[in-house]
Amino acid sequence: MSKDREFYWRRLHSLLGIIPVGLFVAQHLVVNHFATRGEEAFNKASGFMGSLPFVILLEIFIIYLPLMFHAFYGIYIAFTAKNNPQRYGTLRNYLFILQRITGIFLVVFIAWHVFETRFQAAIGAKEVNFNMMAEILSNPWMLGFYIVGVISATFHLANGIWSFLVSWGITQSPQSQRIATYVTLVIFLALSVVGVQALLAFV
Amino acid sequence: MVTATETKKVQIEIFRQDTPESTPYWEKFEVNYRPNMNVISALMEIRRNPVNADGKATTPVAWDMSCLEEVCGACSMVINGKPRQSCSALIDQLVQPIKLAPMKTFPVVRDLQVDRTRMFDSLKKVKAWVPIDGSYDLGEGPRMPERKRQWAYELSKCMTCGVCLEACPNVNSGASFMGPAPLSQVRLFNAHPTGSMNKDERLNAIMGDGGLANCGNAQNCVVACPKGIPLTTSIAALNRDTTVQMFKNFFGSDHMVD
Ligand code: HEM
Ligand code: SF4
Ligand code: FES
């Protein structure tokens, strides 16, 4: 990738983080929340999502390709930083580092999660339903791994919304950026509750 | 109590490097305390009598300085872990032993002396000036509103000291990011009534290699800048300007600057 085009690649990375990947993550967590209403409700909701027309095209263009671009370019970005929290222990410096750590953890988590669920279904080994998740999450280590994964994703998305607003020049003044910090904190908490409640509904 | 016979000492540890390529090493020094000393006067004391804390003769320590009043930026170094100007670093306010190290973001010339050429190259790259040269007198430019002038004055205080580059996690040998200072200068010159006549050129320059998009919003620069320049506000404002410029470039508008 040409360094002269860096600006456009970075803007694309930023945009894809929200549209479609961020929207998908939010939607995914909300649909999973049907699990709190019981097995049948979850199976109906996930069955509906899985039976959308052109589902494989939707998955490729709304999830896999944008996520892969964001993830691989994100790894490059994460490893070009030389973190210095011992020198500047400010909130934003820590959030900057956490954005990178959660991003890298998400690569591992998402790869594993897709392998364990969607990929198994694709090769016909298993079916994606309530029982599949209940089986996975019956292992306390896996439950822990999934909780960390979900919270990493909600943090990364919420803090990503904050930096998206700066990257596109929407929040400029220190005050508007501070308000965005509070708003994205609420988004982080709300999505985390939704995501973790859904996970706990399987155990 | 300090008596006339036993003088108080200042403990200083310096991260030294003899040549740009040689391996750096720590050397300890002790200098006699005087009231109101700053790091530079302590360094001058070492230069006067280059003997380290073990009593061994050594080479005098090299560092840069010029104005001695925190306006030139030449004397920047890492003092007790934080990059700042050594001329305004008062010994009485520092925890001892005082640790001095060069700003490693830049190539080290010798000891505490670094080469900040990359900053001046960036200023050239982003055209951080108002072009008025020509074959005839262009006359006066448009007037700048007074309130805007006062605001722009704050941005103009940048002394290219390099502290914000040293503070930024994204400015390092593995990346080409030019850092916050030259970006903020683009905002300054784009705000100037005559300078704004070339604002598209500056925006396009920071949309190239090592430019604006490399910022990851750790926001250390604004905490570190000794001149209190609102660097992160400048960066966010330029993000908006380049968003607009990007669409102008992409959709082929023939409006260059307005
Ligand atoms: C769950 C899926 C993900 C979502 C929803 C997501 C979302 C976002 C968003 C919205 C941003 C803000 C963009 C901006 O600063 O303008 C962002 C930034 C970032 N993402 Fe992701 N991301 C995801 C996965 C990943 C992965 C797997 C990585 C791999 C390491 C990653 C690495 C990064 C990095 C390094 C940044 C910071 C970019 C910067 O500040 O310049 N992300 N992400
Ligand atoms: S912006 Fe501040 S820290 Fe950066 S070079 Fe200028 S004066 Fe130094
Ligand atoms: S000597 Fe000029 S800033 Fe210190």
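Guide: The lining of the second largest cavity is made up of ten nonpolar residues, two polar residues and one charged residue. In this classification Ala, Val, Leu, Ile, Met, Phe, Trp, Tyr, Cys and Pro are nonpolar, Asp, Glu, Lys and Arg are charged, and the others, Gly among them, are polar. The model is predicted, so local features need pLDDT of at least 70 and side-chain atom pairs count only at pLDDT 80 or more, while totals for chains, interfaces and linings use all residues. Residues are numbered from 1 along each chain as its sequence is written, chains are lettered from A and ligands numbered from 1 in the order in which they are written, and side-chain values use heavy atoms, with hydrogens and water left out.

Of the 13 lining residues of this second largest cavity, Cys158(B), Cys161(B), Cys164(B), Cys225(B) and Ile229(B) lie nearest its centre. Its volume is about 80 Å³, a volume being the space filled by probe spheres set on grid points that are joined across faces, edges and corners. On a 1 Å grid over the protein atoms alone, a cavity is a set of points where a 1.4 Å probe fits but cannot get out, whereas a pocket is an open set with protein on both sides within 12 Å along at least five of seven lines; lining residues have an atom within 4 Å of a point.

The whole structure holds three cavities of 30 Å³ or more. The largest cavity contains about 120 Å³ of space. It is lined by 15 residues, and Cys215(B), Asn217(B), Ala218(B), Gln219(B) and Cys221(B) are the closest to its centre. Helix H7 (220-224) and H8 of chain B each give two or more residues to that lining; helices here are DSSP runs (H or I, at least four residues), numbered from the N terminus, and strands are E runs of at least two. By class, the lining of the largest cavity has nine nonpolar and six polar residues but no charged ones.

At least two lining residues come from each of helix H4 (91-122), helix H6 (140-167) and helix H7 (174-201) of chain A and helix H8 (231-250) of chain B. H7(A) has the largest share, at eight residues. Eleven nonpolar, seven polar and two charged residues form this lining.

Helix H6 of chain A also carries His156(A). Through their NE2 atoms, His70(A) and His156(A) coordinate the iron atom of ligand 1 at 2.0 Å; donors are N, O and S atoms within 2.8 Å of the metal (3.2 Å for Na, K and Ca), and water is not among the atoms, so sites may look incomplete. His70(A) lies in helix H3 (residues 55-80) of chain A and His156(A) in helix H6 of chain A, so the pair ties together parts 86 residues apart in sequence. His156(A) is buried at 17% relative accessible area, and His70(A) is buried at 16%; buried means under 20%, exposed over 50% and partly exposed in between, with a 1.4 Å probe and protein chains only.

Beyond neighbours within four places in sequence, His156(A) is in contact with His70(A), Gln99(A), Thr102(A), Gly103(A) and Leu106(A), contact meaning heavy atoms within 4.5 Å.
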